[in-house]
Number of protein chains: 2
Amino acid sequence: MTERVEEERNAVERYLVISSDCHAGLPNAQYRDWLDPRYHAAFEEEQVARAAIESELRSRGLRNEEFAEEWERDNEEGLRGGWDAARRDKELDADGVAGEVIFPDADAVTSGASAPFGAGLSQGGDRDPELLLAGARAHNRWLAELCADSPARRAGVAIVPILHDIDAAVAEIRWAADAGLRGGILIPSMWQPYAPYHDARYDPVWATCQDLELPVHVHSGTADRDSYGEYVGMYVSEVRWWSTRPLWFLMWAGKFEQFPGLRFVVTECGAFWVPDLLWTSDIVYDREHAAKKLGKELTAHLTMRPSEYFDRNCSIGASNTRRRELARRYEIGVGNLMWGNDFPHPEGTWPHTKEWLRAAFCDIPIDETQAILGGNAAEVYRFDVDALAPVVERIGPTPDELDQTGADAEGRHDKWAEVKAAGRPWITGVEAVEVPIA
Amino acid sequence: MTERVEEERNAVERYLVISSDCHAGLPNAQYRDWLDPRYHAAFEEEQVARAAIESELRSRGLRNEEFAEEWERDNEEGLRGGWDAARRDKELDADGVAGEVIFPDADAVTSGASAPFGAGLSQGGDRDPELLLAGARAHNRWLAELCADSPARRAGVAIVPILHDIDAAVAEIRWAADAGLRGGILIPSMWQPYAPYHDARYDPVWATCQDLELPVHVHSGTADRDSYGEYVGMYVSEVRWWSTRPLWFLMWAGKFEQFPGLRFVVTECGAFWVPDLLWTSDIVYDREHAAKKLGKELTAHLTMRPSEYFDRNCSIGASNTRRRELARRYEIGVGNLMWGNDFPHPEGTWPHTKEWLRAAFCDIPIDETQAILGGNAAEVYRFDVDALAPVVERIGPTPDELDQTGADAEGRHDKWAEVKAAGRPWITGVEAVEVPIA
């Protein structure tokens, strides 16, 4: 080990790992107890309708039944962590995860633990607004209790349907803040058929979240499903786009100018698309060649480059961050990336997080690993790092465990020097080598 | 000059440059002469409506009037090449461009040379279908005459509205082939409110184009404008997506499996997005971790990876190809990239193409430059390279002019060796350095 690597390692005994993308939800039927009783009849109806949808998904072959059975068999105990607080901590401990940001819908295979009335990841303007709010409120109240059980580790994200009734949305946001749900709020990714998110009618939502320091989230899930027919591949190719879309709507509409303290987070949509979004947006802002013909209204309401708003106002909940994405971290912004294990979803890294981390981060400098694995999330979600210290001490992975301190570690770090110096090359003017990867 | 560079240079005296993205159109009022007379009354009405729209664009500040005036003043003569055959060749000669693929809408600043009834780049399902077809037919007939004037140099692309009346579309495609419009056809990028392009109703279009060896194009222009309000930036951030979207609809629906000879070209949407589209699609096809839970219907109708269909069936009309895009050419596929000057649009490289080429291609190997600047387009559009040879001899740029043969040329080429060897790293498993740039 060289002196430099040793010094870096000494600075970080164990990583504070915060998963910026976890999920919790009660088994469907148990949400009944958290619902306003006047919705019980509707709830019973929905249970029947859900069963029919599940059966259709199975019969259309849209789910790999073999995989589903194996996943549920192999992880029977651990999956109870989707709603069982003690089991949850045990699973996260084993994964080396000290803190977590909690979204709804614990079961991403058979939708067996989802908030009522479509209030989870798939909430949108196509749902009955009264029921949607009732389902969100039921989930939020349960979630607040789950988080209160271990407040230092758990930052819960409240489901807030903001499309139909702005006043009700603001009231629920205030309730969430009072209830200690410092994870912020989850809004529908798609606003249709309501007004797009640049509309001033949503301003009270942004203002309230800014004032209460609650991050606003979109999370992948919804998409333009009606257009895909039977072709699941189209959903896969588009689903990230539909949830990242609100980011540039808010940005180009000047909402980050109007609400400079607003924090907007895009979760489980990957991070690979960020550099090109910033590149194409910045060069238009800077009136590069092809943008010269556009009128001054393009930027008249803005005072900074899109990438500057991004750095100030946005974060990426990048979940199971791939090497191809980490290779682009200097364009994305090291401070904007937040890793997550997506517990307890099968597309995440649980229950093998340490292996995934080693494979992805083995040649990433320790200080950057620190930021991406937990430091950035600690700031965005106001985790009390001192309160988490004993947990980290007990379960946090070490740089050694992430294979970051071997004899060749310094060389592996040095390969990023040029890319780091280039930063965002369209701004610095420095051409650099990148290391983008499978 | 090293021996290797000298050898490469000797193989290419002058580049055959084909612009895969040019535009031609009559000054609006002159289309009257090419229209079926029964649409003359509607045509007069449209001229009035168009003037009103232009005036609104100006008053809303959506156009940079100062830039528009300067552009038109500085290029008054050259812009006539939008419709004047002799002037056109003179402008392309000066740009070093021997062959061209011709799309509609010569005037991208004030829309003064656009096909009638919205039949140009903005054609879509929101137009009156009968008028749209009439406008397309008027333009196509004029275009066939323009191309017949210099058939070796000009590959015209027929406008074919395929949404409303499939039989009429197929008839127009057959007419275009008979009229020598070997550039292929331009279809609406957006199908709304008609069925998406995976629908079997469009199969006769794909079958006819396959049989007649006519490439099918989408070209940037339309977008979800109703959602942007006054915010032009949203249009800029999304316009490429709306026109690239049909590519993955055809791909995931298995249309490239069903029509193995179909050639699909995405023009003036950039090329930067291709690697991530192929990466995300291939790893899902290959059932990488996150795709395991999806059912077998995802790929049951496919026999190849998405990137293999892309290589066989798709090309990118990459227009003013940026260095950032060229740096990704081994993931995109060197054989899939076609440069274009976008003549006579101000966002293109005309009338300064040679300077742009030098800046972009100075460190690109000569054989790859040859493919991207003209070789690929020659194959896709069946240009008669022998017939073009005298033009190339007279006006084609040389590797010297592109700054590709200096003392340090070999070193500049060597820097790509690792990236080239890696190809598409998610398939080869080889991690490589890239050189992505501003």
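**View 1. Strands β4(B) and β5(B) run parallel and pair over two bridges.** Here, strands are DSSP runs of E with at least two residues, helices are H or I runs with at least four, and both are numbered from the N terminus. Two strands count as a pair if DSSP finds at least two bridges between them. Look for B:Ile185, whose bridge partner in β5(B) is B:Val216. Together with helix α8 (residues 203-212) of chain B, β4(B) and β5(B) make a right-handed β-α-β unit. Right-handed means that, with the strands pointing away from you, the path from the first strand over the helix to the second goes clockwise. This is a predicted model, where local features need pLDDT of at least 70 and side-chain atom pairs count only at pLDDT 80 or more, while totals for chains, interfaces and linings use all residues. Residues are numbered from 1 along each chain as its sequence is written, and chains are lettered from A and ligands numbered from 1 in the order in which they are written.

**View 2. Strand β5 (residues 216-219) of chain B has buried residues pointing both ways.** B:Val216 and B:Val218 point one way, B:His217 and B:His219 the other. Buried means 20 or more other C-beta atoms lie within 10 Å of a residue's own, exposed means 12 or fewer, and partly exposed is in between, with C-beta atoms placed from the backbone. β5(B) also runs parallel to strand β6 (residues 264-267) of chain B, joined by four bridges. There, B:Val216 sits opposite B:Phe264.

**View 3. Strand β3 (residues 154-159) of chain B is mostly covered.** Six of its six residues are buried. B:Arg154, B:Gly156 and B:Ala158 point one way, while B:Ala155, B:Val157 and B:Ile159 point the other. Three bridges tie β3(B) to the parallel strand β2 (residues 99-103) of chain B, with B:Val101 opposite B:Ala155. β3(B) also pairs in parallel with β4(B), over three bridges, and B:Ile159 faces B:Leu186 there. To get from β3(B) to β4(B), the chain crosses through helix α7 (residues 166-178) of chain B, in a right-handed β-α-β crossover.

**View 4. Chain A meets chain B through 54 residues of chain A and 53 of chain B.** Contact means that C-beta atoms, placed from the backbone, lie within 7 Å. On the side of chain A that touches chain B, α9(A) gives the most, with nine residues. The predictor gives the complex an ipTM of 0.96 and a pTM of 0.96.

Key. Contact = placed C-beta atoms within 7 Å.
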